[in-house]
Amino acid sequence: MASPNDLIMSQDGQSQQSRVSEPFTIEENIHQLNAIDKSIAQLMSQTATALNALTTQASNTSAPNGETSSLDPPAQKEAFKSATDSFLTTLHSIDVRMKRQIMALEEAGIVRLSNTPRQDPNGATKGSLKPNGVGTVGNLDVGWLNSRSTRVERDMEAELWQDAKEFLQKQQNGTGS
């Protein structure tokens, strides 16, 4: 599926328009995300079509005009194959376009998904305080730090004891009246 910003190639293989190094504009990114959203809705429709092709009609149901519908296995198989092919094509298209959007976020500096350390001008490794998307900030693993603390456990235990105390007081007041 071509995007409006794909290069148009001439007969001799030279590009007519050079937008390789130009990032997408905000409007283009929003249009692409909207197209991805529509494609996800198509995925659901294609899934329903594939599943309907596999289901059999109940023997006691009949068509509105009184005729019973007969099963046509080759037609069902072809409908399932067609819906599955459409599903996989659309899923691949969504995957490619989502990767483009992720790269655009990374280029804009909104997310940093690469684990390669940045270098200072003098060659030393420079730590980053931005989260990298996998639970680390700089050289610290936030999950590891949180797992070493018992504060959350103590707070949860205190909350449970408070809930139990309130429950018992309600039970006592309810039966004592």
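Leu51 lies in helix 1, where a helix is a DSSP run (H or I) of at least four residues, numbered from the N terminus. The model is predicted, so local features need pLDDT of at least 70 and side-chain atom pairs pLDDT 80 or more, while totals for chains, interfaces and linings use all residues. Residues are numbered from 1 along each chain as its sequence is written, and side-chain values use heavy atoms, without hydrogens and water.

**Helix packing**
- Helix 1 (residues 26–54) packs against helix 2 (residues 73–107) at an angle of about 160°, and their axes are 8 Å apart.
- The two helices are therefore roughly antiparallel (an angle over 145 degrees).
- Helix 1 and helix 2 make a left-handed crossing.
- In this contact, 16 residues are nonpolar, 12 are polar and 1 is charged.

**Surface patch**
- Leu51, Leu54 and Phe80 make up a nonpolar surface patch with about 280 Å² of accessible area together.
- Such a patch joins nonpolar side chains within 5 Å, from residues with over 30% relative accessible area and no salt bridge; the area comes from the Shrake-Rupley method with a 1.4 Å probe.

**Salt bridges**
- The whole structure has 3 salt bridges (a side-chain nitrogen of Lys or Arg within 4 Å of a carboxyl oxygen of Asp or Glu).
- Lys81 bridges to Asp85, with the closest N and O atoms 3.2 Å apart.
- Lys81 and Asp85 are 4 residues apart in helix 2, so about one helical turn separates them.

Notes: Axes are lines fitted to C-alpha atoms, for helices over the stretch in contact, and angles run from 0 to 180 degrees between N-to-C directions. Angles under 35 degrees count as roughly parallel, over 145 as roughly antiparallel, 65 to 115 as roughly perpendicular and the rest as oblique. A crossing is left-handed if the near helix is turned anticlockwise from the far one by less than a right angle, and right-handed if clockwise. Ala, Val, Leu, Ile, Met, Phe, Trp, Tyr, Cys and Pro count as nonpolar, Asp, Glu, Lys and Arg as charged, and the others, Gly among them, as polar. Patches are made of residues with over 30% relative accessible area and no salt bridge: like charges are joined within 9 Å, nonpolar side chains (Val, Leu, Ile, Met, Phe, Trp, Tyr) within 5 Å.
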